[in-house]
Amino acid sequence: MLNTERLCLGCMTDNGGERVCPICGYDSATKNPENSLPAKFVLKNRYLVGNETSSNGEGISYIGWDNANDAIVTVREYFPTGFALRNPDKTVSMVKGNEYTFNEGLLEFKDIKCNIMASELASLVPVIDVFEENGTVYSVEANIQGITLSKFLDKNGGILKWEQARALFLPLIDTIKGMNDIGIIHGGISAETIIVGRDGKLRITDYAIKKTRQSDSELVSELFNGYAAIEQYGFEGMHTDTYTDVYGICATLFRVLIGTVPPESAKRIQNDSMSIPAKFAEELPRHVLAALANGLQVLPEERTRNIEAFKNELVYGEIPNAPVVKHTQKAASVAEKEKPAKKGSSAISALIAAGITVGVFIIIGLILIFGPLKDVVFPPKEPAYTSEEAEVNAPEVDKIGDVDSGAELTSKLYTVPDLKGKLYAEVIDNEEYEMFEFAISSKSFSDQYPKGTICSQSIAPGGDGVVRDTKIEVVISLGPKEIKIANLKGLTKDEAILELLKQGFIYDNIEILEKYDEDLTPGVVIDQSPKYGDKVSTDVGVKIYINSYTGDESESSSSNNERN
């Protein structure tokens, strides 16, 4: 089992017990927010809680450490905002009068996490453990190394080609269908809740209780503008269902393929301004355009009904029967500012907006069919696109970028920077270097470079340049192998320990002892080993002796009698 005293509570890597982590920059003196669990809190006698990483109306997430497996994890605590209280002993209590809402959410939270834990769906972040403790429920999830799809797109030219997106999204679409099949709706599918792992795979995160995905619920909601469907905004007579996740995945693919997020659905119902630039309409297959058009319909009853139907249309070109439009459905917003001036006008506006959406795609289709590009985009005698052929022809992607490796976004070369002497934490957070990937290959003693800085790099600076996402491995300096130990005499215990940590000594190797001397100041360091000025390795043990004399005359007299 790893000595957790050496772990950085910000990134859970062994940094030797440094106060400020040279890897991520986290300061161990940082405290979690008042309503959160404190760093170093232990759950189930197994999981060490670290820095709070995020929170929403449902609960709080922390980076954590699994002592049983020596692995980094994510700990999620059910703590609904406004319905839970943190007690002095860090247990959780329900706000009086809100017990039903608290318990209803707790059971749903537990059910979702247990279903994920039992699932074998490929594109879920695995749940390792679910347990009740401290008056609430916790889930422990694998800590997947990666970035959000949104950040990935920002770093890689803003869009993906359909051939790339198709291979990447198929497992994700199947996973969403699998969760829908057991009655769980995500309601927050977006480029912010999908992770691109270092293995190049997409995984969906942030499955939450239903009330977190509804703007009119008593819980603090978390909706993602442009990705949330109209039924999530509190319009009367509308309810979330499988078609809600259809809207979310369609909006996400729209962002991936077109480069922009669709307009917010609550605004589209009044004035639908969504369109696809002609450039993309010419490049994308017609069945993809049709699938997006049908999946992004504003009104639920006009939208593709479920993920399976959406996949069949998106991948295989199977157009489902058009859903029946219920003209009598009322679409009045719960929020006052969204209420129509006259009864039924929201429904009319919604139908108009839906018609505009269909019209936009129809116009694009007509341009392609009858325009000069029709033979290029829709060549004659095109063979049927069968499901069997689709599976055979789907490109395999081991990592992002394998498909269409000659794409324009990878052709630019970037000059390798000189990283030596820079703090690693500052390098990885510097937007100037976002086109490179960095990894620590080792740590080494160095008389030239201060501890925590980069002392060498795998690719020399300058040169002819490298392509985007080239990995640069670096060696982190441990500082000089031997240093002159500081003078600790006269310092308090805490001051002495801090001074030693600054010099690079390891916390576990510092031993505090007592020594009595009534001629010296009580409570301060009166001796040390090694002695001041000795040149030693920072790995050695250090003993500091604190004066046990308190200045009490009776104690002094007693001590003198004992010596006599």
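Q: What do β2 and β3 form, and how many residues lie between them?
A: β2 and β3 form a hairpin, with three residues between them. This is a predicted model, in which local features need pLDDT of at least 70 and side-chain atom pairs count only at pLDDT 80 or more, while totals for chains, interfaces and linings use all residues. Residues are numbered from 1 along each chain as its sequence is written, and side-chain values use heavy atoms, with hydrogens and water left out.

Q: Which strand do eight bridges join to β3?
A: That strand is β4 (residues 71-78), which runs antiparallel to β3, and here Gly 64 stands opposite Val 73 in β4. The hairpin of β3 and β4 has four residues between the strands, and in it Asp 70 takes a positive phi near 50 degrees.

Q: Why is strand β3 called mostly covered?
A: A residue is buried under 20% relative accessible area, exposed over 50%, and partly exposed in between, with a 1.4 Å probe and protein chains only. In β3 (residues 59-66), eight of its eight residues are buried. Gly 59, Ser 61, Ile 63 and Trp 65 point one way, Ile 60, Tyr 62, Gly 64 and Asp 66 point the other way, and all are buried. For the protein, 46% of the 564 residues count as buried.

Q: How do you know whether Cys 8 and Cys 21 are buried or exposed?
A: Cys 8 has a relative accessible area of 3%, so it is buried, and Cys 21, with 2%, is buried too.

Q: What makes β18 and β19 the edge strands of their sheet?
A: Three strands form an open sheet in the order β18-β21-β19, with mixed pairing. The strands β18 (510-515) and β19 (525-529) are its edges, since each pairs on one side only. β18 pairs with β21 (residues 542-547) in the parallel sense over six bridges, and Lys 515 stands opposite Asn 547 in β21.

Q: Which residues make the contact between α4 and α8?
A: Contact means heavy atoms within 4.5 Å. The residues are Asp 245, Val 246, Ile 249, Cys 250 and Leu 253 of α4, and Ile 307, Phe 310 and Leu 314 of α8.

Q: How many of these contact residues of α4 and α8 are nonpolar, polar and charged?
A: Ala, Val, Leu, Ile, Met, Phe, Trp, Tyr, Cys and Pro count as nonpolar, Asp, Glu, Lys and Arg as charged, and the others, Gly among them, as polar. By these classes, the contact of α4 with α8 has seven nonpolar, no polar and one charged residues.

How values were computed
Helix = DSSP H or I, 4+ residues; strand = E, 2+ residues; numbered from the N terminus. Pairing = 2+ DSSP bridges.
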